[in-house]
Amino acid sequence: MRAYWAVVSARLRMLLQYRAVALAGFGTQVFWGLIRVMIFDAFYRSTNAPQPMTYEDVVTYVWLGQAFLVLILWGVESDIRQMIRSGTVAYELLRPLDLYTFWFSRSLATRSAPMLLRAVPMFVVAGLCFGMRPPPSLAFAVLWVIATVGALFLACALTTLLSISLFWTISGEGLARIVPSLVAILSGMIVPLPLFPDWARDALDFLPFRGLVDVPFRIYLGHIPLEEIAPLLFHQAMWTAAIVLLGRWMLARGARRLVVQGG
Amino acid sequence: MSLIAVENLVKTFRVAEHAPGMWGALRGVLRRRYRTVRALDGISFSVEPGELVGYIGPNGAGKSTTVKILAGILVPDSGRCEVLGRVPWKERIATVSRIGVVFGQRTQLWWDLPVIESFDLLGDIYRVPKANYRRARDELVALLDLEPLLDVPVRQLSLGQRMRCDIAASLLHAPSLLYLDEPTIGLDAVLKPAVREFLLRLNRERGVTVILTTHDMDDIEALCTRVIVIGQGRILSDGALEDLRARVTRERWLIVDLVDADGEIADPDAAMMRREGYRVHLRFDPDRISAAALINRITARHAVRDLFVQNPPIEEIIARLYGKSWQ
């Protein structure tokens, strides 16, 4: 564990140095957040039919989305792409580490550093100025934290899988473009899943992506009854485990190809 | 028991072949042709603990393929290989935690981190006990004079500074075996001998076994007692540097500085290789004429300012060895 923790913490420290990037990212996200709030504002004004989420909930949901955008906004890990392209990925095997855990740790740091840097100021700014509300009770707040950590692990499992897929696609350009947009929709980042038509709900509820956004955000809003939360966290954990196993299996095959065919 | 035992190692790569032009590209989509390249064609050698071995050959000879197999990151097609009593690719993690690797062309340090943090991180990755780590680190910092570099991010280091840090990084976990790939690349004339001296001490005092691949023949001459020469996937020669010399050519060189700028030296037993102003380079076969006799004859006939006898440099020997094996 010590080895992998060291990888995470070194990378965290490195990423936390990039304050200018965080600040620019923060500015952009405030801007986009305002635009999204205006769109929902227009939508709620134009309808009289009762909606599955109140306008106030949607506003808070939007700002949560801006705070935790890194949970879905990912392409492939850029230094892994670099290594696979140049063939130097073989040298990763020189470390006395399990390669999957090594890459997963790296991804954990890459996700969590910007998440911390952006979420905290976003809560302050959106809470004070843009009508973002706190969770309805302490129980929801605690469960939300748990679900967010779960979402972080799920996001890391997915990004690690995406990085591993580079063994076959090499450039990763295509995937790096398609996957984030798909995940943004399927996770509920663009439009909250309760606002989707009923025919789409079954599929969306089954897919892993709701565990990234829909589950933690709606727990925060108190939109999910307490007794229904455990099965959702279980859904999130099971998908994470399944994707980790798939990633390990693919990496074993990819690394075999590499060590048999050469870097 | 040998530290490294390699027997009949064969490794082939499949390389996709593309016919040139548009037509070729289209045909390649339908049916891809592969050419098999034999990177290693039955290599056998063994290395005893404490040896300092030079492993040399031209680009594409199979040097780095061998090193990758020994480090467990490449699986051979056939043959046996044991490093530190283990089959490297079957027990990769156990094997790599006891070897150190330096690639002159690429760094193993973290580009954005200060050197000292890369060191700390490596100490954790190799699970070195804290006290041992601190001792090893302080010793290496002192020996390689790294103190002023420790707080500098790696990307700001010059090639020579980075190289020294990389060498230190490869030794933090006190490996018993060290692979060095072009370790003196980018070092200036002052640092090169210092690094060589360091490697020699490491080998003599701590008994670290070193395998060195390099294009710098001075490294070989200064460091290696044994040289393995590889070409086209086969071992062309394996033995002491002196034996290699003796096998390839007995020839010696006589360099003469004449008083007269355009003086000619014509001697039946010595051939002129080239001349640079006053300086004439001759080669002779010591079996036909002794150095003393040749010098006597030349000084008797010509006005000589200075002269000295020399062995052909190792580059020359290797070049001839390749020449021979390819004929």
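What volume does the second largest cavity have? The second largest cavity holds about 40 Å³. The model is predicted, so-called local features need pLDDT of at least 70, side-chain atom pairs count only at pLDDT 80 or more, and totals for chains, interfaces and linings use all residues. Residues are numbered from 1 along each chain as its sequence is written, chains are lettered from A and ligands numbered from 1 in the order in which they are written, and side-chain values use heavy atoms, with hydrogens and water left out.

Lining residues have an atom within 4 Å of a point. Grid points are joined across faces, edges and corners, and a volume is the space filled by probe spheres set on the points. The count comes to two cavities of 30 Å³ or more.

The second largest cavity is lined by residues of chain B, among them Val67(B), Val101(B), Phe103(B), Tyr179(B), Asp181(B), Ile211(B) and Thr213(B). Strands β5 (99-103), β6 (177-181) and β7 (209-213) of chain B each give at least two residues to this lining. Helices (H or I, at least four residues) and strands (E, at least two) are DSSP runs, numbered from the N terminus. By class, the lining has eight nonpolar, one polar and one charged residues. Here Ala, Val, Leu, Ile, Met, Phe, Trp, Tyr, Cys and Pro count as nonpolar, Asp, Glu, Lys and Arg as charged, and the others, Gly among them, as polar.

Helix α1(A) provides the largest share, four residues. Seven lining residues are nonpolar, none polar and two charged.

The largest pocket has a volume of about 1,100 Å³. A pocket is an open set of points with protein on both sides within 12 Å along at least five of seven lines. Of its 44 lining residues, Arg11(A), Asp79(A), Met83(A), Arg106(A) and Trp110(B) lie nearest the centre. Two or more residues come from each of α1 (2-16), α4 (78-86) and α5 (99-129) of chain A, and from β5 and α6 (159-169) of chain B. The largest share, six residues, belongs to α5(A). The lining divides into 22 nonpolar, 11 polar and 11 charged residues.

At the interface, 29 residues of chain B are in contact (heavy atoms within 4.5 Å) with 25 residues of chain A. The buried area is about 2,600 Å², with 57% from carbon and sulfur atoms. This is the accessible area (1.4 Å probe) that two parts lose on being put together, summed over both. Ile73(B), Ile125(B) and Arg127(B) supply 21% of the area that chain B buries against chain A, more than any other three residues.

Two salt bridges cross the interface (a side-chain nitrogen of Lys or Arg within 4 Å of a carboxyl oxygen of Asp or Glu). One joins Glu117(B) and Arg13(A), at 2.8 Å, N to O. On the side of chain B that touches chain A, α4(B) gives the most, with six residues. That side has 16 nonpolar, three polar and 10 charged residues.

Conventions: 1 Å grid on protein atoms, 1.4 Å probe; cavity = no way out; pocket = protein on both sides within 12 Å on 5 of 7 lines; lining within 4 Å.
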